[in-house]
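Hi everyone, thanks for coming along. Let me put the sequence and the model up on the screen, and then I'll walk you through a few side chains.

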Amino acid sequence: MFAFLAALFQFTAPASAVEPIKISKEDTALDLTGAVQIMHDQGDSVQVSTAPGADGIVRRIEVQADKNKRSSGNWAAFAIANPTDEQIDRLIVAPHYRLVKSGFVWPDLGSQRISSITPSEGFALDRQVSPDADVFLITINPGSVITLVAEMASPNLPQLYLWEPDAYKDTINAYTLYRGILLGISGLLALFLTILFVVRGTSLFPAAAALAWAVLAYICVDFGFWNKLIAITPGNEQMWRAGTEVALAASFLIFLFTYLNLNRWHDHFSYGAVAWVLGLMMLSGVAIFDPPVAAGIARISFALTVICGIVIIGILSLRSYDRAIMLIPTWLIIAIWMTGAWLTVSGRLDNDIVQPALGGGLVLIVLLIGFTVMQHAFAGGVLRVGLFSDMERQALAVIGSGDIVWDWDVPRDRVVTTPDISTYLGTAASSLLGPVRNWLPVMHGDDRDRFRTTLDAILENRRGRIHQTFRLRANDGHYHWYHLRARPVIGSDGEIVRCVGTLNNVTEQKKAEERLLHDAVHDNLTGLPNRELFLDRLANVMSMSYNESRLKPTVFVIDIDRFKQVNDSLGMSAGDTILLTISRRLFRLMKPQDTLSRLSSDQFGLILASESDPAKVAAFAEALRQAIRAPISYAKREIVLTASVGLLTWTANAANAEDMIKDAELAMYQAKRFGGDRIEPFRPSFRAIGSDKLQLESDLRRAIERKEITIAYQPIVNLQDGTIAGFEALMRWEHPRRGPISPSEFIPIAENSGLIVPLGLFAMQQSANDLFNWQENLSRPNLFVSVNLSSTQLIRQDLLSDVRAILSRTHVTKGTLKLELTESVLMENPEQSAHMLNELRSMGVGLSLDDFGTGYSSLSYLTRFPIDMIKIDRSFVKGDKPQKTTLLRSIIRMAQDLELKVVAEGVESEQDAMQLREMGCEYVQSFLFGQPMSADSAAQLLNGQSVE
Ligand code: C2E
Ligand code: CA
Ligand code: CA
């Protein structure tokens, strides 16, 4: 302030002299900014050439800085001329801060501009009180030209105005009103949004409220309202300004993030945004030390937020995210505001109203955001705000659950459902409202009585609960399952006034339950019953069979041979397709009483209840085999599969379903063992093949040397005269610990282990020896002995040499040592068998076909083998079925045509024997005609007969 005139020089005006600005009485505001000459780094004093006065003389003055303060060394000089003849009072005004031209990065955040102004004549100017500008009063005499030298407090002087004092006061007042209104609105907004946050508690409101507070703070500082609240020293102003800009930038970012729920879209957004906000928070610390840096970064951050916002809102709007769409208008205003602000700070937009206008713009933006946010908050209707009563809560819960309220007004007998149930059933509106009996006609017949009795019970007892599932018929004829849960409401007189509860459509659950039940007992590939259901059905059929003699079910276990290869070479899905094809083929063979099931991956089970006759069962088994054998087309390939079939027909002593299936499985495994593509009826001997098979096998190895094995002879009797024509040699094993073991049990073990070869050889040798004895000693040269032969023996080439050796040692009559083979043994390898049989025949061995009728039973192929005798299986002979005679007659006739001798096995009565004789059957072998016996007993028997 105390600068003073030090010297006065007199010389002609230099080029650097300041140009005076002429003022007039009418001017209210004159912009001096352009006419000010700024001088930097001048030190404590400056020399200035004055504008030429009225006398035309340019003087040179020197101005000294205030000694009490450190001089900035920056000076400004300007000149004012009063050409009028009146004295004029003017205010020189230099605002501390101007947004205009403040700069985008490292902005000028304002400060005191002028410390003092020294005129070329007179005393230093009086400083007027003003919080946000340096204001000096100057009085200019008529006709004078004054050069003024200002000591600057900062390097820049953004603006310098010459104001008419009254006009200045008016303008300030006008702006004060405007600012007051804006501050009021913005303060209310901030308060309102904060209160909403407290009430509603969603994250939207704190974000919006924070933004509102930041804007309020910003305009408080900008409008110079801040220093009315806090005493701000001139230097601190910058800090506050930078601080509010940082707060603004941060709150904008937070708002954008929370409003758009960006954390929901991707975690990266959250991390990025949190880092960004943290950065801005640290920036508020920077604002204390270096406000321009903090403000610069805040402005960049703000610009980035707006640009990111545009991109994100664009993308999310395209995805029809409603919040993004609703933010579009607000963000558009923000973008426009930012452009305006940028034009301003960079100086492209320069006028006096732009700064307060931008402040107003901010308030407008917060207002818009407030609206947008509130729209969301209240979009759910009035109920979403505030508290509601328990009643309302329960009502809402029922609506939310989708249940129907079922309300029966008992005294008036009126049922009301909300919503009306008839809309769900498609029946006429309100058709089910009214008396409760209206419900009965649409209710499923099976559910009516239960429904009625439950309601009656409730009315009678005046308590209880309705918990009922029933079916209601919809208009389209389908039934819908509903579950009714209700309880009575008792009136003051103790009577029921209402029954209220909910009605719930449970059709889906019911269907799912049924599906689960079905899936639990059905195979999901073929839809056939699974093992559990199969067992259950079998148990049912079995229990029925005890009471009904005609019902004799047969269980089949069908296993596809080498199915693993199909899966391995063609893939699982091909395997599935093929299994499906097979299951359909099998299914077509069945009658309604029969059951087909898939027991495991490639194993089917079948209960044949529709047939009980063994021949029909055999035919069915053959049909099964053929059905599987038929080529299957898959992916332009023909696949031929075979199956091993085990079967077991029910007998009165069958234990249980489980065991029946196990036995049928054993038979199936036996069929597999024989090479597959085969039907094997169960025989008890199969049971041995598993369990203690190994022990028996090792015992059997030593059986021959320990002489545990013997041969029993069962007579084969001539029907004509009752004499013994020969014997069948049957192997006997007297086990040291177990006692006698049936050949049905140990022969399969011997066959599987290869022990059948030495055993069979022993049987042949022993039989040949005994036969030779009898032929020689008892003079029965035509007596024959038939020895059983297994398939394992037949395929061995050694058989021929063995037999040849036996025959050479024991000279039995040609053709009297016979070998018995079953059809299945022959059919296992027909070519090889035919060859072997021919060789044996040429050696003079008789050949007998055993168990005829249980296998293929086709006599036509028998011509291929050189056999001389057939033994009709006892299953054909015993019993008294009507077709029996016809069948036997035709078999015997055919045998005669082929010149084969016929033995009937298992004849149970004399009557049958007579009948067989009439038919032309020559021999019989059965317990009736002679039990298997030792060689000695046989000799005695023969002896007795030869005596006769
Ligand atoms: P198979 O060849 O059919 O022999 C006849 C079986 O029927 C014998 O049972 C015999 O005792 C029995 N049988 C005879 N008459 C009657 C009758 O009126 N009613 C009934 N229910 N059964 C009768 P076994 O001795 O238990 O022999 C069973 C099977 O063992 C034989 O059946 C045969 O296949 C096999 N087998 C026995 N000995 C030998 C042998 O030395 N070698 C071979 N490879 N197998 C043998
Ligand atoms: Ca036999
Ligand atoms: Ca037999």
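Let's start at Asn 788, which is partly exposed, with a relative accessible area of 31%. By that I mean between the two limits: buried is under 20% relative accessible area and exposed is over 50%, using a 1.4 Å probe and protein chains only. Asp 850, on the other hand, counts as buried at 7% relative accessibility.

Before we go on, please keep in mind that this is a predicted model: local features need pLDDT of at least 70, side-chain atom pairs count only at pLDDT 80 or more, and totals for chains, interfaces and linings use all residues. Residues are numbered from 1 along each chain as its sequence is written, chains are lettered from A and ligands numbered from 1 in the order in which they are written, and side-chain values use heavy atoms, leaving out hydrogens and water.

So which residues coordinate the calcium ion (ligand 2)? They are Glu 728 (OE), Asn 788 (OD1), Glu 820 (OE) and Asp 850 (OD), at 2.1 to 2.3 Å. Donors here are N, O and S atoms within 2.8 Å of the metal, or 3.2 Å for Na, K and Ca; water is not among the atoms, so sites may look incomplete. Along the sequence, the donor residues of this ion follow the spacing E-x59-N-x31-E-x29-D. Asp 850 also coordinates the calcium ion (ligand 3), and the two ions, ligand 2 and ligand 3, are 3.8 Å apart.

Now to the aromatic rings. The structure holds 16 aromatic pairs. Rings of Phe, Tyr and Trp (its six-membered ring) pair if their centres lie within 6.5 Å; planes under 30 degrees apart are stacked, over 60 edge-to-face, and the rest tilted. One of them joins Trp 163 and Tyr 168, a tilted pair with 5.5 Å centre to centre and 55° between the planes. Trp 163 is buried at 14% relative accessibility, and Tyr 168 is buried at 12%.

Tyr 713 and Phe 727 make an edge-to-face pair, 6.0 Å centre to centre with 70° between the planes. Both residues are buried. If you look for a cluster, ring pairs link Phe 252, Phe 302, Trp 331 and Trp 337.

Finally, two lysines. Lys 510 lies over the face of Trp 481, 4.6 Å from the ring centre, and the charged end of Lys 818 sits over the ring of Phe 784, 5.1 Å from its centre. The cut-off is NZ of Lys or CZ of Arg within 6 Å of the ring centre and within 35 degrees of the ring normal.
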